Amino acid sequence: MKKILFMGVMGLFLLGSCNSKSGDGHEGHNHETEKHEHEGCDHDHEGEDHNHEGDEHNHDGHNHDGHSHDEQTAAGHSDEIILPTAKAQAAGVKSNVVEPGIFHQVIKTSGQVMAAQGDESVAVATVAGVVSFRGKVIEGMSVSKGTPLVTLSSKNMADGDPVERARIAYEVSKKEYERMKALVGNKIVSEKDFAQAEQAYENARISYEAVAKNSSASGQAVISPISGYVKSLLVKEGDYVAVGQPLVSITQNRKLFLRADVSEKYYQYLRTIGSANFCTPYNNKVYTLKDLDGRLLSYGKASGGDGGYYVPVTFEFDNKGDIIPGSFVEIFLLSSPIENVISLPHSALTEEQGSFFVYLQLDEEGYKKQLVTLGADNGESVQILSGVKAGDRVVTEGAYQVKLASATNAIPAHSHEH
């Protein structure tokens, strides 16, 4: 009985345990699910913490952007070129405030410098003979009027010495003239014969005096007709020359002509031309006719001829120094004036890969590189179409020194602290 009762109690216990496990298992699963969901919430919360850290990272990124902003600020100042005043003065850097002014329209062409008419002369042969230069006669040397240049010798020639022949002719005609002069009074010779004898005598005298004046044992000397410079030697040592043949060209170089060959497409503008500038190839120096007391002489009324399809424009000016007659030059014809134009001298410009720049002076030691657009060029200065305005202070001398300074002490884009 006790055994049966014990078995019944154990059965009830086991049944209750099974039901308890079944219910607790289901509820426990829900609880674990809730716990899992709660842990998921915690995970999401951790995700929120992660996002918060992400926010902090973004905030750091914002600080990094702030650092970039500082770099950009430094880079903004990197355009400024620092050149101490002492170095600028030593390098010859000069600047001027830009002011608008008058600029002339320009016709750019080429031409030639020539000796002015009446400012050049040629020594010619007074007798026929062989050329022998007196001393060192070279082109460019200074000579005075009457200076012997060439000796012409006629020795051992078939015609004989022209001076000796002139002397003999002179003496014979003189004797005949004196004889007839004594007889004409007595009517022994006619007045007509006496006049002919007198004429022959005078011609012989003039001829002999002309050749005997500069004659010596070595031959006939040819002298310089004017004072000036030897422009060119037209003969060589040992050449045979005839009477009247050019030997040496002499120029005074006081007045020169500037001849510009202008394309016929500019013919309508020729009447507005008043002056010109020109650049010589041997020293690249620009001359202005205004400084050389130059003036316009004339311009052609037609094209063609030796100049092809070009119209000549001729100026006259004083040769005040080192201008070589005969040289070909680049010419800038100055036409109608234009007002309120900003222009800068060539010395203010620097060129890089086809673009042109100037340097603005910002303060006592600060400079800035500035791109400019160029207009007309008169050889001395250039019209500025854009990039510079009135009131700007621009470096007009020593621009390349400022350019070199920009390559050595410009502020870098990234700070060295970074």
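**Ground rules.** I am working with a predicted model, where local features need pLDDT of at least 70 and side-chain atom pairs count only at pLDDT 80 or more, while totals for chains, interfaces and linings use all residues. Residues are numbered from 1 along each chain as its sequence is written, and side-chain values use heavy atoms, without hydrogens and water.

**Aromatic pairs.** I looked up ring pairs (Phe, Tyr or the six-membered ring of Trp, centres within 6.5 Å; planes under 30 degrees apart count as stacked, over 60 as edge-to-face, the rest as tilted) and found six. Tyr-170 and Tyr-208 are stacked, at 5.5 Å centre to centre with 10° between the planes.

**Burial.** I checked accessibility next (buried is under 20% relative accessible area, exposed over 50%, partly exposed in between; 1.4 Å probe, protein chains only). Tyr-170 is buried at 16%, whereas Tyr-208 is partly exposed at 21%.

Tyr-177 lies in H3 and Tyr-201 in H4, 24 residues apart, and both are buried. I then saw that ring pairs gather Tyr-170, Tyr-177, Phe-194, Tyr-201 and Tyr-208 into a cluster.

**Charge over a ring.** The charged end of Lys-369 sits over Phe-357, 4.4 Å from the ring centre (the cut-offs are NZ of Lys or CZ of Arg within 6 Å of the centre and within 35 degrees of the ring normal).

Key. Helices (H or I, at least four residues) and strands (E, at least two) are DSSP runs, numbered from the N terminus.
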